[in-house]
Amino acid sequence: MAAIAAPATFRFVQSNRLQTQADRLAADLHYARQIAVSTNTMMRFESDEQGYSLTNPATGEILRERELKHGMDIGGEI
């Protein structure tokens, strides 16, 4: 029975991890937008293989810095 359930469980866990990362990114972008609107300044989003950061370019203040886990990355291709 375990051999039958294991692949489905693995896919569920991977899907849940991906959704969690996507939700966190969306929340961070929403937060940066709120700050940008309330302070009338622009924010910078930068990403690389390890993760992403949201920065106020005028002050250099890092609003959020996240490491992407479980082999996930931000890319333009599927």
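Reader: How many salt bridges does the structure hold?
Author: It holds 2. A salt bridge here is a side-chain nitrogen of Lys or Arg within 4 Å of a carboxyl oxygen of Asp or Glu. This is a predicted model: local features need pLDDT of at least 70, side-chain atom pairs count only at pLDDT 80 or more, and totals for chains, interfaces and linings use all residues. Residues are numbered from 1 along each chain as its sequence is written, and side-chain values use heavy atoms, with hydrogens and water left out.

Reader: Which residues are linked in the network?
Author: Asp28, Arg64 and Arg66. The aspartate 28 to arginine 64 bridge is 3.1 Å, N to O.

Reader: Which parts does that pair tie together?
Author: Aspartate 28 is in helix H1 (residues 2–39) and arginine 64 in strand S3 (residues 62–67), so the pair joins parts 36 residues apart in sequence. Helices (H or I, at least four residues) and strands (E, at least two) are DSSP runs, numbered from the N terminus.

Reader: And how far apart are the closest N and O atoms of aspartate 28 and arginine 66?
Author: 2.9 Å.

Reader: Is aspartate 28 buried or exposed?
Author: Buried, at 3% relative accessible area. Buried means under 20%, exposed over 50%, partly exposed in between (1.4 Å probe, protein chains only). Arginine 64 is partly exposed at 28%, and arginine 66 is partly exposed at 30%.

Reader: New topic. Which ring face does arginine 64 lie over?
Author: That of tyrosine 31, at 4.3 Å from the ring centre. The cut-offs: NZ of Lys or CZ of Arg within 6 Å of the ring centre and within 35 degrees of the ring normal.
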